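Trainee: I would like to learn how to read helix packing and pockets from a set of coordinates. Can we work through one case together?

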Amino acid sequence: LSVRLQRHWENGVLLAESMARHPMVAKVLHPALPGDAGHALWRRDFKGASGLFGVVLQPVSREALGAFFDSLELFGIGLSWGGYESLALPVDAPTRAVRPWTLEGPLLRIHAGLESCNDLMRDMQSALDRMQRHR
């Protein structure tokens, strides 16, 4: 289990960092990343992370978001309750939060599984590129 959790953590951080560099990503929500608003608390209270994180996209049409999800090959569409597979899911913006939610684009829930991280990053970059073309 410790080996599996380490892989989820590593894949999640690498995938989140990769996604943060794409122009279609407005914000990555991952407390293990130094630029995250919750990073100081994460460093104080946690010894690791999972593969689960959030991504806010730039505002896009429903068609463009559909093109993104249609082009994913390695990510299933669904929730993660501790599984090994990579998943992506559009979710509603939070209605209760410490800070007001001011971001306008779609919010995604991403779970990085145990697949090759390079393959996951390529798949996600390809889907983001396709979404950008349909913008």
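**Helix contacts and a pocket**

Mentor: This is a predicted model. Start with the residues that touch: Arg7, Asn11, Leu14, Leu15, Ser18 and Met19 in α1 meet Cys117, Leu120, Met121, Met124, Gln125 and Leu128 in α4. By class, this contact of α1 with α4 has eight nonpolar residues, three polar ones and one charged one.

Trainee: At what angle do the axes of α1 and α4 cross?

Mentor: Helix α1 spans residues 2–20 and helix α4 residues 117–134; their axes cross at roughly 30 degrees and come within 10 Å. Angles under 35 degrees count as roughly parallel, so α1 and α4 are roughly parallel to each other.

Trainee: Is the crossing of α1 and α4 left-handed or right-handed?

Mentor: α1 passes α4 in a right-handed crossing.

Trainee: How far apart are the axes of α3 and α4, and at what angle do they pack?

Mentor: The axes of α3 (residues 62–71) and α4 are 8 Å apart, and the angle is about 155 degrees. Angles over 145 degrees count as roughly antiparallel, and α3 and α4 are therefore roughly antiparallel to each other. The crossing of α3 and α4 is right-handed.

Trainee: Which residues make the contact of α3 with α4?

Mentor: From α3 come Glu63, Ala64, Leu65, Ala67, Phe68, Asp70 and Ser71. The α4 side consists of Asp123, Met124, Ser126, Ala127, Leu128, Arg130, Met131 and His134. Sorted by class, the contact of α3 with α4 holds eight nonpolar, three polar and four charged residues.

Trainee: Now for the pocket. What is the volume of the largest pocket?

Mentor: The general idea is that rolling a probe the size of a water molecule over the atoms shows where empty space is left. Here the largest pocket has a volume of about 440 Å³. It is lined by 15 residues, of which Lys27, Leu29, Ala37, Arg99 and Trp101 are the closest to its centre.

Trainee: How many residues of each class are in the lining of the largest pocket?

Mentor: Nine are nonpolar, three polar and three charged.

Notes: Residues are numbered from 1 along each chain as its sequence is written. This is a predicted model: local features need pLDDT of at least 70, side-chain atom pairs count only at pLDDT 80 or more; totals for chains, interfaces and linings use all residues. Side-chain values use heavy atoms; hydrogens and water are left out. Axes are lines fitted to C-alpha atoms, for helices over the stretch in contact, and angles run from 0 to 180 degrees between N-to-C directions. Helices (H or I, at least four residues) and strands (E, at least two) are DSSP runs, numbered from the N terminus. Angles under 35 degrees count as roughly parallel, over 145 as roughly antiparallel, 65 to 115 as roughly perpendicular and the rest as oblique. A crossing is left-handed if the near helix is turned anticlockwise from the far one by less than a right angle, and right-handed if clockwise. Contact means heavy atoms within 4.5 Å. Ala, Val, Leu, Ile, Met, Phe, Trp, Tyr, Cys and Pro count as nonpolar, Asp, Glu, Lys and Arg as charged, and the others, Gly among them, as polar. On a 1 Å grid over the protein atoms alone, a cavity is a set of points where a 1.4 Å probe fits but cannot get out, and a pocket is an open set with protein on both sides within 12 Å along at least five of seven lines; lining residues have an atom within 4 Å of a point. Grid points are joined across faces, edges and corners, and a volume is the space filled by probe spheres set on the points.
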